[in-house]
Amino acid sequence: MILLLFLSTLSFGGGEEQIPAAASENAGEIERELEQRLEKLISQIDGVNGVSIMVTLESTSTRIFAEETQSESESSGNADSSSKSSSSRTEIVLAGGGKEPLETSVVCPRVRGVAVVCPGAADPVVKEKIANTVSGVLNIGISRVCVTF
């Protein structure tokens with residue numbers, strides 16, 4: 001339990017980033033869902049019993065919207081002098097009825113790290129299976145997975 005509290009204060013990423021309240025609630029939901037799914041999966045490994053998992057996210061999912069940029073340039077001048085000015089305006093493209101923005105893609109959340117506490121992890125083979133499973137499922141480096149008993 002102390003390890004879980006300690007790991008929650010660590011930052012494996014670069015600097016600290018402020019997450020708005022709505023995003024942090026969303027992050028909490030995503031973390032809980034990942035923890036539940038990992039617990040269900042890892043509990044099926046031979047030698048694992050009473051597993052407890054904590055997932056921390058580096059970022060939540062990000063929605064990307066279509067944009068349209070319009071550029072205007074104007075030049076004026078006479079025989080003695082000339083000037084050129086330009087401006088551009090970016091607008092979000094609206095879908096269908098014109099009320100909702102057109103979403104082009106969604107960037108999935110990034111996992112910062114995972115802590116796994118399991119009595120069966122005292123066996124090095126079980127510990128390695130757990131670490132490799134978490135690393136593979138979440139597509140994160142093994143150094144971001146801490147497995148202990």
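**Cysteines, confidence, sheet**

Me: What does C146 count as, by relative accessibility?
Reply: Partly exposed, at 26%; buried means under 20% relative accessible area, exposed over 50%, and partly exposed in between, with a 1.4 Å probe and protein chains only. C118, in contrast, is buried at 0%.

Me: What is the mean pLDDT?
Reply: The protein chain averages 79, and 78% of its residues reach 70 or more; pLDDT is the predictor's confidence in each residue, from 0 to 100. This is a predicted model: local features need pLDDT of at least 70, side-chain atom pairs count only at 80 or more, and totals for chains, interfaces and linings use all residues. Residues are numbered from 1 along each chain as its sequence is written, and side-chain values use heavy atoms, leaving out hydrogens and water.

Me: Where does pLDDT stay under 50?
Reply: Over residues 1-24. Where pLDDT is low, the predicted coordinates should not be read in detail.

Me: New topic. What is the strand order in the open sheet?
Reply: β1-β8-β9, with mixed pairing. Strands are DSSP E runs of at least two residues, helices H or I runs of at least four, numbered from the N terminus; two strands pair if DSSP finds at least two bridges between them. The edge strands are β1 (52-59) and β9.

Me: How many bridges join β1 to β8?
Reply: Seven, and the two strands run antiparallel. M54 has A115 in β8 as its bridge partner.

Me: Where is N139?
Reply: In the loop between α3 (124-138) and β9 (145-148). N139 is exposed at 70%, and its phi is positive, about 55 degrees, although it is not a glycine.

Conventions. Contact means heavy atoms within 4.5 Å.
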